[in-house]
Structures are given as C-alpha cells and as structure tokens.
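Please look over the sequence and the model below. The paragraphs that follow go through the strands and then the helices.

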Amino acid sequence: KRPAGAPDKSLARKVNKVGIVGAGLMASQMALLFVRRLKVPVVLTDVDQARVDKGVSYVHGEIDKLLAKKRVSQDGANRLKALVTGSLDKAAFADADFVIEAVFEELGVKQKVFADLEQYIKPEAILATNTSSLSITAMASGLRHPERVVGFHFFNPVAVMPLLEIVRAEKTDDATLATAFALGKSLKKSSVLVKDASAFVVNRLLLRFLGEVLIAVDEGTPFEVADKALEPLGLPMTPLVLMQLVGPAIALHVGETLHEAFPDRFKVSENLAKFVKAGKSGVWQWDAAGNAT
Ligand code: CAA
C-alpha cells in the first residue's frame, strides 16, 4: 500500500551510491544501515581525517558484531566493509545518487554544506538531511536545485527504530519524494510524510513529554522521582535515560527551536541548559536539591 502522500513509486530513481556528510554517531549508524540494506558503496566525509576514520571504524565494528551474531557470513562481512569508505575529497561524491547530511544542527552550517555539495554532485542526485528540527525549505533556499532536497529523519538507534520521517519542502519534486519513499522501503523502515514544521511530528511530541519531566525537576521534584514516575507504563526507557541516548545537546537544541517557534507551548529546562552549557556529555549528575551539577 502506498504511504499517505507518497507519489507513484514509478517516479523513484535508483540509488547506486550513497554519500554521507558528517561521520558522527547518527551518520555512522546511517552508513551501517545503508550498506547493510542496499549493498551499495557508501562514502562518509567530515571536517578531518580522524573523524572520518572514527566513523568508518564504527561501521566496521558493527559489521563485526553482526558476524559474531552470525547475521552475516565472513564473506558477506568483508564485502560490506569494502563498500564503506571515508574521504575528505568531495570528488568522492560526484557519482552519488543520494547524499544525506548529519552535521551540526545549525541552519547556516547545513546551508553551507548543501551549497558546497551542489558544486560536486550530479544535478539529479538527491540532497537529504537528517535534521531533527530545522526547516528543510530554509535549508534548500538559495540552491540551484532546491527540488531535490528532502528531509529524511531517522531515530536513534537507527538500526532498531522502525520510523522514518520524510519531509517535503516547498520545492521538493515528486521524483525526489518518490525516491525517498522507495529508499525508506529498501531500508525496511516505516516511512511517514510529515509537514516541514519545526521539529516535525515525533520530536515535537517527545520534547513535550521529556521537557515536562525536566521542568518538574527544575521545579523541585527529585530527579529519580520525575524520571521513574512513568516506569509502570512499560516504556522501553525512562525519559532521562532516553535523553541520554539522544544526547542532551541535541535535546536542548530541539527544545530551543521549539521554544522559538511555540513559546507558549515549549519551555527550555534550566537544568538541561546548565548541564549542556557545562559541556557535560556523560552521565546525568544531580545534587541533593535536584539541580544538574
Ligand atoms: N545501537 C545499535 N543497536 C542497538 C542499540 C544501539 N544504541 N541499542 C540496542 N540495539 C540493538 C541491540 O543490538 C539488539 O539488536 P539484535 O536484536 O539485532 O541483537 C536490539 O537493539 C535490542 O537490544 P536490547 O535487547 O539490548 O535492548 P532493549 O530491548 O532494551 O531495547 C532499545 C533497546 C531498542 C534502544 C529500547 O530501549 C528503545 O526502544 N528505547 C527507546 C528509543 C527511542 O525512543 N528512540 C528515539 C529517540 S528520539 C530520536 O532519535 C530523534 C531525534 O531526532 C533526537
């Protein structure tokens, strides 16, 4: 059955090579998924060789885990590893059919990445973004080919979470959208078309919920009480453990974007802001009064 809003699949283009800009955790997880499901070359890039190498090693390490679990044969694992490469040379993207960015969540940075890529990639190659909350239309503005820009938003852990939010920007054409849906299917994800609105759908719901837990802590509810209160509902993770998985800095960024868009509905937790601004990416720590330390 065709997902709601998806164009006819006959419009989809083939994806024989994937480019990924950014080699951080989301980008590396995406690289693993693309290579595993599509079995096509996947090239990762980042701002320096060390980051690129780290991304490629992550993918190779995850392929080794699949081998240990007997999900792939030794030959299969070798073939998959050979398909994943890293490069600082943008020319490596020249023959990619689908390029996705997962760089720092700042509109200007992402616009620059897209404008730069346009100089190297084929005019019909798709430019996708894994942004959690930014406007895809704004990201495409100023490009020569805004019609090939699409939102392609995965959830962490990418290998496990079934949902994919596909976002149509103002000028996205049907061929781009059809390709995004066909790709989502090949990646074995459940794709939904969402509006190009701040934080789309899932993060808006999630931040409302996680945000309230943190605001309860801001207001004096002890950390453990706030975090564990909903445990009997059978959630796979408590809210603050989930926020740890997503990354407090990303959660703060999405929260701030939503606060800007809907100030009456979304508040930014003081404790979350303090925690991130103190540069803490490790385990949450709280003092006896329940303040992030
Ligand atoms: N990376 C890769 N794979 C992982 C993983 C990770 N971080 N964590 C678990 N897995 C895999 C395991 O390897 C295992 O795979 P196999 O079955 O193939 O062996 C599978 O997931 C199940 O693992 P476990 O049995 O150890 O774990 P679990 O049953 O406790 O489930 C979980 C783990 C799937 C992460 C579950 O706790 C869960 O669903 N948590 C909620 C996650 C969630 O809501 N994510 C969305 C965050 S929002 C977001 O990402 C959007 C954004 O823009 C910020």
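**Strands and helices**

In this predicted model, strand β2 and strand β3 (residues 84–86) are paired in the parallel sense, with 3 bridges between them. One of the contacts can be found by eye: V42 has V84 in β3 as its bridge partner.

β2 also pairs with strand β1 (residues 18–21), again in the parallel sense, and here there are 4 bridges. Along this pairing, V21 stands opposite T45 of β2.

β2 itself spans residues 42–45. In a regular strand, side chains alternate between the two faces of the sheet. In β2, V42 and L44 lie on one side, while V43 and T45 lie on the other. These four residues are all buried, so both faces of the strand are covered; a residue counts as buried if 20 or more other C-beta atoms lie within 10 Å of its own.

The path between β1 and β2 runs through helix α1 (residues 25–38), and the three elements make a right-handed β-α-β unit.

Next comes the packing of α1 on helix α2 (residues 49–68): their axes come within 9 Å and cross at roughly 50 degrees. α1 is therefore oblique to α2. The handedness of this crossing is right-handed.

Which residues of α1 and α2 meet? From α1 they are A27, S28, A31, L32 and V35, and from α2 they are G55, Y58, V59 and E62.

Note on methods:
Residues are numbered from 1 along each chain as its sequence is written. This is a predicted model: local features need pLDDT of at least 70, side-chain atom pairs count only at pLDDT 80 or more; totals for chains, interfaces and linings use all residues. A residue is buried if 20 or more other C-beta atoms lie within 10 Å of its own, exposed if 12 or fewer, and partly exposed in between; C-beta atoms are placed from the backbone. Helices (H or I, at least four residues) and strands (E, at least two) are DSSP runs, numbered from the N terminus. Two strands pair if DSSP finds at least two bridges between them. A crossover is right-handed if, with the strands pointing away from the viewer, the path from the first strand over the helix to the second runs clockwise. Axes are lines fitted to C-alpha atoms, for helices over the stretch in contact, and angles run from 0 to 180 degrees between N-to-C directions. Angles under 35 degrees count as roughly parallel, over 145 as roughly antiparallel, 65 to 115 as roughly perpendicular and the rest as oblique. A crossing is left-handed if the near helix is turned anticlockwise from the far one by less than a right angle, and right-handed if clockwise. Two residues are in contact if their C-beta atoms, placed from the backbone, lie within 7 Å.
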